[in-house]
Amino acid sequence: MNPLIFTTILMTVLLGTMIVMMSSHWLMIWIGFEMNLLAIIPILMKKYNPRTMEASTKYFLTQATASMLLMMAIIINLMHSGQWTITKVFNPTASIIMTSALAMKLGLTPFHFWVPEVTQGISLTSGLILLTWQKLAPMSILYQISPSINLNILLTMAVLSILVGGWGGLNQTQLRKIMAYSSIAHMGWMTAVLVYNPTLTMLNMLIYIMMTLTMFMLFIHSSSTTTLSLSHTWNKTPLTTTLILITLLSMGGLPPLSGFMPKWMIIQELTKNSSIILPTLMAIMALLNLYFYMRLTYSTSLTMFPSTNNMKMKWQFETKRITLLPPLIVMSSLLLPLTPMLSILD
Amino acid sequence: MMTYIVFILSVIFVVSFVGFSSKPSPIYGGLVLIVSGGVGCGIIVNFGGSFLGLMVFLIYLGGMLVVFGYTTAMATEQYPEVWVSNTTVMGVFLLGLLMEVMLVLYVLKSEEVGVVFKFSGVGDWAIYDTGDSGVFSEEIMGVAALYSYGAWVVIVTGWSLLVGVLVILEVTRGD
């Protein structure tokens, strides 16, 4: 793609999300979502093969449906409150429709079916943008309408998402599908605590974005899209096997790493609000996620995976330089001692 | 009939939407788009918005749909699909018509429409009467406000349209 056009379209994706996050008029928020969707389609279709086109079409259809539902909820809200500002949604019907629309945009269950298929059909860099940047805009709207969200619907969607994200990723060997199911599960964790303490949603979003960025950049660095090709990293750059191990365990939520911080805070907040069965179930279902991360680390860093002899002697051409990778690795694994600083977020 | 004119026009609106979303060939889709555009203009005019209705006719029908018609005429196939030529298209069209007929009967029974939410009629655009400058209508004031207070909206929509053209050119360019 022409670099000038590519830059313009990428900047429009950023502009769309910025408009969603900083507008106070519902119509501008809808315009921001549409601008975001329109501009990301050619980024998803960077290579012109039928798989990327199918993935972009699926993404466009689901997100356009979600935007239409959002517009309907906005108009019902307008009819019942007479004003366009975002404070809270004044009508329960509009609130339910809006929550469903934003859940479709995020990829929560029962609207999660597009996430693995779209993530698998596009390149690693496009998948990175899809799973991190595109989650910011709907989550910011959910944050702003969080006082008026129906608790039952949101918690059902959250718990089912954690379940689907854990179970669905168990049979996968393609790395992009694994990251997609991981995204579904993390979105479930984020929306579970949204009604109780939205700050923790933002904290979880921040740490999830850091960890997913790190994982994708490690995959891009070794150009691997399957578990099998990831298991050859010991031959290319042995250091990244340790880094993959640490980052994957952090994504699974293990204690001395920073991925534990959001899970800990969320479970604490839920138990403070006298729901005990729910965080227990959520913590148990997060073990499913941890299982397939552990399987990746087993084949990548803990063992030298069996391969044919010619795979053991790879030519080293120029390695990709990813500048942001070392700080991201440090941030996605070592942030746990900073947890007492969360008191500044009040 | 004049008391129900908005209702009749909105029924024709929905039926023409069903007509093109059952996917006949684009030239016939354009035909029912013309009908739906004209009927939509009629609905807006009935609420007192004469300026916006004329905008729909001029810009939408007379500008965009004409260009659409010409490009579709250049790219048309030898035997375009009508609503009755393909079983699927006819089935979807009849299904949409059936749902609309059921909705119309349900609406005609009760005073207000309550399918998912209660909807009991909309108001007209307000008419302001200042002493010295005459009578203003709210919908023209809205268009004027778009270009004065709503400059940011104009910038955003203009940029969206420009990026829309760039995106469409990129997507259809292929290799």
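Modeller: A helix axis here is a line fitted to C-alpha atoms over the stretch in contact, and angles run from 0 to 180 degrees between N-to-C directions. The model is predicted. In chain A, the axes of helix H7 (residues 136-144) and helix H10 (residues 198-222) cross at roughly 170° and come within 10 Å.

Biologist: Why are H7(A) and H10(A) called roughly antiparallel?

Modeller: Angles over 145 degrees count as roughly antiparallel. The angle for this pair is roughly 170°. H7(A) is therefore roughly antiparallel to H10(A).

Biologist: Which residues of H7(A) and H10(A) meet?

Modeller: From H7(A) come A:Leu136, A:Met139 and A:Tyr143. They meet A:Pro198, A:Thr199, A:Thr201, A:Met202, A:Met205 and A:Ile209 of H10(A). By class, that contact holds seven nonpolar and two polar residues, with no charged ones.

Biologist: Now helix H3 (residues 50-81) and helix H4 (residues 92-106) of chain A. At what angle do they pack, and how far apart are their axes?

Modeller: The angle is about 160°, and the axes are 8 Å apart.

Biologist: How do you know how H3(A) and H4(A) are oriented, roughly parallel or roughly antiparallel?

Modeller: The cut-off for roughly antiparallel is over 145 degrees. At about 160°, H3(A) and H4(A) are therefore roughly antiparallel to each other. The crossing of H3(A) past H4(A) is left-handed.

Biologist: Which residues of H4(A) take part in the contact with H3(A)?

Modeller: A:Ala94, A:Ile97, A:Met98, A:Ala101, A:Met104 and A:Lys105 do. Their partners in H3(A) include A:Thr62, A:Leu69, A:Leu70, A:Met72 and A:Ile76. The contact of H3(A) with H4(A) has twelve nonpolar, five polar and one charged residues.

Biologist: Turn to A:Thr233, in helix H12 (residues 233-236) of chain A. Why is A:Thr233 called buried?

Modeller: Buried means under 20% relative accessible area. A:Thr233 has 0%, so it counts as buried. Leaving out residues up to four places away in sequence, A:Thr233 touches A:Ser222, A:Pro238, A:Thr240, A:Thr241 and A:Thr300.

Biologist: How do you know whether chain A agrees with a compact globule?

Modeller: Set its radius of gyration against the rule. For 346 residues, a compact globule would be near 20 Å; chain A has 20 Å, so the two agree. Its C-alpha atoms fill a box of roughly 70 × 50 × 35 Å along the principal axes. Of its residues, 56% count as buried. Chain A has 16 helices and zero strands.

Biologist: What does the globule rule give for chain B, and what does chain B have?

Modeller: The rule gives near 16 Å for 175 residues, but chain B has 20 Å. Along the principal axes, its C-alpha trace spans about 60 × 50 × 25 Å. In chain B, 25% of the residues count as buried.

Biologist: What secondary structure does chain B have?

Modeller: Six helices and four strands. From the N terminus, the order is α-α-α-α-β-β-β-β-α-α.

Technical notes
Residues numbered from 1 in each chain as written. Chains lettered and ligands numbered in written order. Predicted model: local features only at pLDDT ≥ 70, side-chain atom pairs only at ≥ 80, totals over all residues. Heavy atoms only, no water. Helix = DSSP H or I, 4+ residues; strand = E, 2+ residues; numbered from the N terminus. Parallel < 35°, antiparallel > 145°, perpendicular 65-115°, else oblique. Left-handed = near helix turned anticlockwise from the far one by under 90°. Contact = heavy atoms within 4.5 Å. Nonpolar A, V, L, I, M, F, W, Y, C, P; charged D, E, K, R; others polar. Buried < 20%, exposed > 50% of the residue type's maximum accessible area, 1.4 Å probe, protein only. Rg over C-alpha atoms; globule rule 2.2 N^0.38 Å.
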